[in-house]
Amino acid sequence: MDNKRREGFSSGLAAFFATLGAAVGLGNIWKFPYVVGENGGAAFLLIYIICIALVGLPVMISEFFIGRRTRKNVVGAVKQLNNGKIWTGIGIFSLLGSHFILFFYSCVGGWVYSYVFKILKGEFAGATSRTVAYQFTNTTMGPISPVIWQIVVVVVVSIILILGVKNGIEKITKTLMPVLLVLIVICDIRALTLPGTKESLAFLFKADFSKVTSQTILIAMGLAFFKLSVGMGAMVTYGSYFTKEDNMIGTASKVAISDLIVSLLVGIAVFSAVFTFGMKPSGGPGLLFMTIPLVFSKIPFGNILLVAFFILASIAATTAMTSMFEVPVAYYSEERGMSRKKAVIVNAIIIIIFGILATLSVNNDSLLGGIKIFGKGFFDLFDYLSSNVILPLGGLFIAILVGYFIPKEEIKKELTNNGELKIDKVIDFYYFILRYVTPVILIIVFLSSIGIFR
Ligand code: PHE
């Protein structure tokens with residue numbers, strides 16, 4: 001494809017919202033609260049923030065660098081930069097990662113969409129623990145309805161992608177991200193007036209390190225990668241659409257901080273509600289789908305709050321999926337000579353087929369729940385492999401490629417926009433962390449996760 005005719009974002013603000021749309025997703029709303037809840041709250045949060053600062057953010061900046069430097073999809077970009085074969089693995093990893101995440105993510109996305117309709121139909125009015133459990137089982141066990149909702153989500157995202165980078169991704173994220181932010185603030189204002197707020201804040205901000213193990217650190221690292229959407233080429237692909245004036249270190253930092261704020265705001269809302277009604281923060285993946293409807297239905301204006309919450313979750317799911325899905329779409333349309341539309345359709349079919357496997361194996365009682373690979377059903381397997389293996393390994397490769405195989409001058413030139421930005425010290429700091437801290441942490445976490453190192 002002729003690089004001059006390649007589409008891109010029209011401004012720095014558009015790039016910011018698109019990237020924020022990629023970062024803010026079900027990770028903040030569905031994963032973050034239960035992972036923090038299961039791992040003891042504040043101590044975990046602190047480790048997570050360290051992972052973001054020392055690993056996630058440097059990798060994100062490196063991905064932006066790779067993307068904008070080459071103006072290519074992830075496979076083409078890595079090929080061009082290194083001109084060699086070893087790093088082709090990053091490209092393959094990215095395509096695999098994006099598909100693996102989409103397989104289970106589209107399933108949860110479908111549940112979220114379906115909840116908006118259920119709430120609007122009044123199915124959660126006067127909810128009890130029995131009825132929410134029934135609704136959740138009904139939503140997830142289908143087996144027909146979760147598959148249909150999953151297909152709906154994939155089709156919505158496909159349409160956005162077929163519209164293109166400017167008319168699809170940029171327009172949608174620029175319109176919906178501000179809506180999401182307003183909705184979350186509304187939820188928090190309500191939540192902060194609940195009696196459980198104090199306990200919720202203590203849970204999130206008062207650290208108890210007795211529960212921290214090497215496993216905790218691995219989980220925090222996985223969550224950091226998943227949250228920032230790094231390690232699988234999404235940020236390379238979006239970076240390739242940035243304008244040449246974009247301050248990429250600035251954009252990356254703003255996105256990382258905003259994403260963290262969103263996670264905390266969701267956490268505060270969720271845990272305030274949970275503590276108010278004496279429920280357990282460690283409710284697991286069901287926290288969003290059972291605890292939240294139950295708790296919200298008990299507070300005044302709860303139903304309005306509940307719709308707002310699930311609409312914001314739907315927005316988050318949609319814009320995040322858009323960024324994952326763009327990775328293979330850019331690859332197939334630029335490297336494999338497919339039209340954009342065909343690339344979207346072909347990938348959508350793959351995602352739906354494998355996604356159905358995930359949807360039908362959510363737990364042991366699911367239709368395909370009996371099928372186990374390495375002791376895990378498809379849903380858990382896709383989730384585990386992407387968060388804990390593919391993204392961190394992809395991130396490690398990216399850190400090593402940019403940190404050790406590309407001349408610092410070239411990196412500096414790109415990150416300062418050819419010397420326009422006077423941020424040399426910041427770049428020196430980033431470069432140091434990228435070379436000596438990021439890879440070391442990643443390698444230690446890996447070795448300890450497979451039991452070689454304690
Ligand atoms: N960051 C997204 C979330 O939190 C997930 C994601 C991962 C999106 C990888 C794109 C790429 O939900």
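View 1. A polar side-chain atom of Lys227 lies 2.5 Å from an oxygen atom of the ligand, a polar contact being a pair of N or O atoms within 3.5 Å. The model shown is predicted, so local features need pLDDT of at least 70 and side-chain atom pairs count only at pLDDT 80 or more, while totals for chains, interfaces and linings use all residues. Residues are numbered from 1 along each chain as its sequence is written, and side-chain values use heavy atoms, with hydrogens and water left out. A polar backbone atom of Phe226 is 2.8 Å from a nitrogen atom of the ligand, and a backbone N or O atom of Ala22 lies 3.2 Å from a nitrogen atom of the ligand.

View 2. Taken alone, the ligand exposes 320 Å², and the protein buries 100% of that (Shrake-Rupley method, 1.4 Å probe). Helix H1 (12-23), helix H2 (26-38), H5, helix H10 (214-228) and H14 each give two or more residues to the shell around the ligand; helices are DSSP runs of H or I with at least four residues, numbered from the N terminus.

View 3. Helix H4 (residues 74-82) is largely enclosed by the rest of the structure, because seven of its nine residues are buried, that is, under 20% relative accessible area with a 1.4 Å probe and protein chains only. The buried residues are Val74, Val75, Gly76, Ala77, Val78, Leu81 and Asn82.

Notes
Buried < 20%, exposed > 50% of the residue type's maximum accessible area, 1.4 Å probe, protein only. Polar contact = N/O pair within 3.5 Å; in protein donor to acceptor, adjacent residues only side chain to side chain.
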